[in-house]
Amino acid sequence: MAASKIKRVLPLALIVLDTTEPSLIPRLGDFPDWFRAGLGLSDRALWMCDARSGGPLPRADSIRGAILTGSAAMVTDREAWSVNTAKWLCEVIPLGVPVLGICYGHQLLADALGGRVDWNPNGREIGTIRVQRAPDAEGDPLFGGLPEQFLAQSSHSQSVVELPPGARIAAANPHDRHQAVVFTPRVFGVQFHPEFSGGVSRGYIEARRVALAEEGLDPDALSAACDDSPESNALLARFEALCRT
């Protein structure tokens, strides 16, 4: 009897758009470490690409989904690697590749699909925040499992200020009405960081303490308010499962 064929599971692509604060790396690791842990995937199951290096981005038929990380860059600066990644998104999304954009990745998705990104008029948002799930997101395959209110981790100054056609809000808060967005039934964005822990948020606040104080924010109060956010962290595993369907 012929041996049965084993179906190959394609890797999930992690499109890395930056590194974290250097002071955090020795203690807490970097973006790839946090995503590996949050997704529960081995190195073989997670195909990593540093988009800033100018190397080729993955073909749609070689991956089962893609996650775009955050970045300290600004989408409005139109850096060459960012423009190239936006073009790649416009090529793979119509082919049905599930995509999750996080922070910068979320903004880049909105920009690539016809929305608008700019400085948030409410200023910087950083630390552990409270977010409200939109009522019509209850049945969504990614966001439907979230409670009506949940904690998340944030660090951003720019935001999606105008959604692209067809996109809908999945979660919001008073600081940013586009905290989570369904761009298409298989393409999602979150302004917050589901890969961060409360400790990582605390590290970001400490690293940016001087800038925060200059902006009129209270670093000590922000740091004291940091807490873990298991509900938003669970979005990574939920997206990974969605990419298998």
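The largest pocket holds about 290 Å³ of space. Of the 23 residues lining this pocket, Ser 71, Ala 72, Ala 73, Ser 155 and Arg 208 are the closest to its centre. What you are looking at is a predicted model, in which local features need pLDDT of at least 70 and side-chain atom pairs count only at pLDDT 80 or more, while totals for chains, interfaces and linings use all residues. Residues are numbered from 1 along each chain as its sequence is written, and side-chain values use heavy atoms, with hydrogens and water left out.

On a 1 Å grid over the protein atoms alone, a pocket is an open set of points where a 1.4 Å probe fits, with protein on both sides within 12 Å along at least five of seven lines, and lining residues have an atom within 4 Å of a point. Grid points are joined across faces, edges and corners, and the volume is the space filled by probe spheres set on the points.

Which elements each supply at least two residues of the lining of the largest pocket? They are α4 (104-112) and β7 (149-156). By class, the lining has nine nonpolar, ten polar and four charged residues. Here Ala, Val, Leu, Ile, Met, Phe, Trp, Tyr, Cys and Pro count as nonpolar, Asp, Glu, Lys and Arg as charged, and the others, Gly among them, as polar.

Now step back to the whole chain. The protein has eight helices and eleven strands, taken as DSSP runs numbered from the N terminus (helices H or I, at least four residues; strands E, at least two). The radius of gyration is 18 Å, which agrees with the value near 18 Å for a compact globule of 245 residues; it is taken over C-alpha atoms, and the globule rule is 2.2 Å times the number of residues to the power 0.38. Along its principal axes, the C-alpha trace spans about 70 × 40 × 40 Å. Among contacts (heavy atoms within 4.5 Å) between residues at least 6 apart in sequence, 75% join residues at least 24 apart. Of the 245 residues, 53% are buried, where buried means under 20% relative accessible area, exposed over 50%, and partly exposed in between (1.4 Å probe, protein chains only).

Val 181 counts as buried because its relative accessibility is 0%. Leaving aside neighbours within four places in sequence, Val 181 has contacts that include His 106, Phe 143, Leu 163 and Phe 188. Its C-alpha atom is separated by 9.9 Å from that of Leu 100, 81 residues apart along the chain.

Back in strand β7, Gln 149 is partly exposed, at 43% relative accessibility. Not counting residues up to four places away in sequence, Gln 149 touches Arg 130, Val 131 and Gln 132.

Arg 78, in the loop between β3 (65-68) and α3 (80-92), has a positive phi of about 55° although it is not a glycine. Cys 103, in the loop between β4 (99-102) and α4, has a positive phi near 55°. Are these residues buried or partly exposed? Arg 78 is partly exposed at 48% relative accessibility, whereas Cys 103 is buried, with a relative accessible area of 3%.
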